[in-house]
Amino acid sequence: MRDWLRNIADFFFPRTCRVCGKVLLHNEEYLCMQCMIDMPRTDFVSNPDNAMAQLFYGKLPVERAAAYFYFAKGSDYRRLIHLIKYRGEKECGSYLGMMMARECMSSGFFDGIDYIVPVPLHRKKELERGYNQSEWIAQGIADVAGVPLCTDALVCHTHRESQTRKGIYERYLATREVFELLPDTPLVGANVLLVDDVVTTGATLLACGEALLQGGVRQVSMMTLAAAK
Ligand SMILES: [Zn+2]
């Protein structure tokens, strides 16, 4: 936005920092400078044996794994994820994806990556929400890393196990999300960076990573905005 136009817009509709709530200066986006500086960064990029990589040890061969910041319970930074995921602030997801990618460009994290793949949402969930937050985060990363985004190869289904004689609760338990890499996509034989909003136990990333490797992807790396602490 042109400077003068933004100054006028800021005067009538002040934008506020999504972390501390302070009014943003005209050159600040989503977070004020102080909250950007104070962000509890994981620094996983400079440590290949980091806590996120360890979640997959013995389960899945993961080339590289990194998250931007920690989200502890009660932390103001946790609000960022809530806004991106449930309050429609998808552009903030792209912005943070961009900032994360800029900060780890020099580490070589994106070297050799052929495609960036966001963790897919089940179609029903995506229709309800109107967007897939991981796709917006992945777009921000892709723009900075100069790597193409692939959003239609990895899909999420709901799988219902045989349940003719089960009650409602058992039926609920028997319904789970499964991921599948569609056949004949450019991801076969490629080096893929899988992107999600947060990593807690790593179960979703693990399921997606398994689907990618089983479908013929050569190598999988993982990146998320936040990691639970
Ligand atoms: Zn702030």
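Helix 5 and helix 7 cross in a right-handed manner. A crossing is right-handed if the near helix is turned clockwise from the far one by less than a right angle, and left-handed if anticlockwise. The model is predicted; local features need pLDDT of at least 70, side-chain atom pairs count only at pLDDT 80 or more, and totals for chains, interfaces and linings use all residues. Residues are numbered from 1 along each chain as its sequence is written. Helices (H or I, at least four residues) and strands (E, at least two) are DSSP runs, numbered from the N terminus.

The axes of helix 5 and helix 7 (residues 133-145) come within 7 Å and cross at roughly 35 degrees. Axes are lines fitted to C-alpha atoms, for helices over the stretch in contact, and angles run from 0 to 180 degrees between N-to-C directions. Residues in contact include Leu96 and Met100 of helix 5, and Trp136 and Ile141 of helix 7. Contact requires C-beta atoms, placed from the backbone, to lie within 7 Å. The residues of this contact divide into 11 nonpolar, six polar and three charged. Ala, Val, Leu, Ile, Met, Phe, Trp, Tyr, Cys and Pro count as nonpolar, Asp, Glu, Lys and Arg as charged, and the others, Gly among them, as polar.

Helix 5 (residues 90-104) also packs against helix 4 (residues 78-86). Their axes come within 7 Å and cross at roughly 125 degrees. Helix 4 and helix 5 are therefore oblique to each other. Angles under 35 degrees count as roughly parallel, over 145 as roughly antiparallel, 65 to 115 as roughly perpendicular and the rest as oblique. Leu80, Leu83 and Ile84 of helix 4 meet Lys90, Cys92, Gly93 and Leu96 of helix 5.

Helix 4 also lies across strand 1, strand 5 (191-199) and strand 6, at about 110 degrees to strand 5. An open sheet is formed by four strands in the order 1-6-5-2, with parallel pairing. Pairing requires at least two DSSP bridges between two strands. Strand 1 (65-71) and strand 2 (115-118) each have a single partner strand, so one side of each lacks a neighbour in the sheet.

Six bridges join strand 1 to strand 6 (residues 219-228). Phe69 stands opposite Ala226 in strand 6. Strand 5 is joined to strand 6 by eight bridges and to strand 2 by four. Leu194 of strand 5 stands opposite Val117 and opposite Met222 in strand 6.

Notes. Two residues are in contact if their C-beta atoms, placed from the backbone, lie within 7 Å.
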